[in-house]
Amino acid sequence: MTFTIDYDPREEEQNRQNAIYDDLNPAQQEAVLATDGPVLVLAGAGTGKTRVLTTRLAHLLQSNQAFPGQILAVTFTNKAAQEMKQRISNIMGGIAVEGWWLGTFHSLAARMLRAHAGLVGLDSNFTILDADDQVRLCKQLLEENGIDPKKNPPKAVADMISSWKDKGKIPSDVQTNEVGDFANGKMLLLYMQYQQRMKVLNACDFGDLLLHIITILKNPKNSNVLEDYHRRFKYILVDEYQDTNVAQYLWLRLLAKGSNNICCVGDDDQSIYGWRGAEVDNILRFEKDFVGAKTVRLEQNYRSTGHILAAANSVIDNNSDRLGKQLFTDAGDGEKLTVRGLWDGAAEARWVGEEIETLQNKGSSLNQMAVLVRTGFQMREFEERFIQLGLSYRVIGGPRFYERKEIRDALAYLRVVAQENDDLAFERIINTPKRGLGDSTVKTLYQHARAKGISLYAAVKDLTQTEELRPKVRATLMKLIDSFEHWRSLVDTLDQGELATIILDESGYNDMWKADKAPDAPGRLENLKELVSAMADFDSLQQFLEHIALVLENQNNSEGEFITLMTLHAAKGLEYDTVFLPGWEDGLFPSQRSMDESGVKGLEEERRLAYVGITRARKKSFISFVANRRMYGSWVNAIPSRFVDELPEEHIEAQSEMGMMQAGRSAHWDSSGFGQKYQVKPKVKTYDSREQSTVDGEFSSGMRVFHDKFGNGTIVHIDGSKLDINFDQVGQKRVMDSFVQKA
DNA sequence: TGGATTCGCGTTTTT
DNA sequence: CGCGAATCCA
């Protein structure tokens, strides 16, 4: 494999600096130079992790300890991989480098699996299914097994299967006590059926990429394959090690057994992917599994100023489950964090907008600012405000290009061309655009396919040879098959962009949108054009399909100045001068769901997320929370996050808008500011109809308030009970009477 | 079969 | 509130 990187001589000097070891502190040097044997680098936020890993790689090459292709460098995100490639290429003088093994777990595993697909009963041109395909497949399986998809959501089934795969478990590895009574206790059966279907579809999901390759490498029959990789990889480097799951760990361990030269860099305090199967325990296991492992700690933070680091340290200190690091900085105190309470989300967005403009007026660049939210829906309010203010912004991790309906449809056509067994893709477009093939036809086709154990596409071919279908339907299907055969014959002669254009025209898909008078139809046609031009960058159709399945990137960011808007998860590994952290309300952040599902563990992971958020800032962090947040079109009364309480006063500058917060005799903010320590407990009087008496209570997070258009007659749910509430809203003040309606 | 309309429910986080 | 899915009607 070859990749070429644009070489910018202006960057050369700066990038060469990355290779100068004298410039590193002693701990960093140790991590770079200890090339023999296993090394675990426990590195805090902003301690130069990436730099150490990159320098180590460069050092291995420059000292001729390894050639390109002998180093396996695994990153967590594709972006990190690109960055690493860029930096190393610059260090090495911008040459094209042959034989690189650098990328995410999934892309590297996919590459390995293509080479050995036959060993697990797949063709090397297997399709990679995305999350949506997985869910649809699960739904089909539920229906086939007569399990109610309403009680047992297909998404939950897919999640459960994925979590087994994350743990490196094939169906026979699953213990009976792991199954539970979900899906009528048939989860294991569903998992087996799911895997069978994947073989028929000649497909893999994300988890399979790793799982299959582990299965292959573990099997003594394939010892030659494993030995081959052992010979090949002299050094293994892993970034963001705290986020590896068990499957990834097993994969690494198998590959590292050869040379025993493995270097993992991670920070247990930044482990934020537990919900996806990441295990911090992998760090602990490392020292047990790789005997004689050297552990290096990086504790000097070069990113943030004193107050920011102290606040972050103090928050993370509330976690009990830590390996323990104490970060320090020489950068001076800098500015205190600003903590602000506001009335509602709109006010919060207005305030953030003001602060941004103030910073801009002082000469700060938008490129050095970011707004980091807990969940995606929080973004909307900021976008609206930024548009009003004319602030350029960019959203990372929002609705993705490749998840748009029109793009997925177009891809489905291409997938069927590339691989005719891809039932999920075929089903998606069999009647798109409308061809008069309805549910009942598809059902007949599926019945035939199931009965004969063949794919949907093959079933169509079969049935069009018989008299079973209505003549009109039969003719339509024959035409469709002919089209696909035709397009497939063009794969080798046309480039994939041209092919896509032909398919979109001949299938009538473009026409469908041209005829559509919906306001978003022209935009969809634009997106399709964009898709075609994006395809030009790839060597083959299959390569393109694999790229989009694994590398779900957003459109590349244009030139100019933008403030970045993204989730805390997406902010991993990034840094900005100024960071805004809105929505610090209990239930939102920490997320209620995380706490309900995982208890203290969940809470600690949320706290690590807070730690990640604060430590993204070099110079200044703004934290905010609101009293009222709109969710699902109704209002939720919120109380400040417990993480706000955990910020030490000496590092904080607290602001409040008490005039706005004061609220009659019920829901109110403590007028002494943030109460004892920022905590604010709105109070509510309730009338309990069973007790026939009035009770004083506190608003808790998660209570839902449904306003009618007058602001009255609203309902609050607490643990299933309902309250009717009357609001008198005068200006910003509100008075609330409540009584229990039903318990 | 397809279009129109109502219904019901959701929002963590993502490779 | 807003979207996809189920349901209803031509």
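Student: What makes Met595 count as partly exposed?

Tutor: Please bear in mind that this is a predicted model. Met595 has 17 C-beta neighbours inside 10 Å. A residue is buried at 20 or more and exposed at 12 or fewer, with partly exposed in between, so Met595, with 17, counts as partly exposed.

Student: Where does Met595 lie, and which residues is Met595 in contact with, leaving aside its neighbours within four places in sequence?

Tutor: Met595 belongs to helix α25, residues 592-614. With those neighbours left aside, its contacts are Pro590, Gly602 and Leu603. As for Ala410, 185 residues away along the chain, its C-alpha atom is separated from that of Met595 by 40 Å.

Student: What is the omega of the peptide bond that joins Phe589 and Pro590?

Tutor: Omega is about 5° there, and the bond is cis. Pro590 sits in the loop between β15 (576-581) and α25. A cis peptide bond also joins Thr432 and Pro433, with omega about 0°; Pro433 is in the loop between α17 (423-429) and α18 (439-452). Most peptide bonds are trans.

Student: What is the phi of Asn64, and what is the phi of Asn260?

Tutor: Phi is near 60° for Asn64, a positive value in a residue other than glycine. Asn260 likewise has a positive phi, near 65°. Most residues other than glycine have a negative phi. Asn64 lies in the loop between α3 (49-62) and β3 (71-75), and Asn260 in the loop between α11 (246-256) and β9 (262-266).

Student: Which residues make the contact of α6 with α8, and how do they divide into nonpolar, polar and charged?

Tutor: Helix α6 contributes Leu137, Cys138 and Leu141, and α8 contributes Leu190, Gln193, Tyr194 and Arg197. They divide into 5 nonpolar, 1 polar and 1 charged.

Student: How many residues has the largest nonpolar core, and which have the most contacts inside it?

Tutor: The largest nonpolar core has 123 residues, and Val41, Ala109, Ile213, Ile236 and Leu237 have the most contacts inside it. Not counting residues up to four places away in sequence, Leu237 touches Leu53, Arg56, Leu57, Ile71, Ala73, Val74 and Cys263. Another core, of 58 residues, lies apart from the largest one and includes Val315, Phe382, Phe386 and Trp635.

Student: How many helices and strands has chain A, and what percentage of its residues are buried?

Tutor: Chain A contains 27 helices and 24 strands, and buried residues make up 43% of its 743 residues.

How values were computed. Residues numbered from 1 in each chain as written. Chains lettered and ligands numbered in written order. Predicted model: local features only at pLDDT ≥ 70, side-chain atom pairs only at ≥ 80, totals over all residues. Contact = placed C-beta atoms within 7 Å. Helix = DSSP H or I, 4+ residues; strand = E, 2+ residues; numbered from the N terminus. Nonpolar A, V, L, I, M, F, W, Y, C, P; charged D, E, K, R; others polar. Core = buried A, V, L, I, M, F, W, Y, C linked by C-beta atoms within 7 Å.
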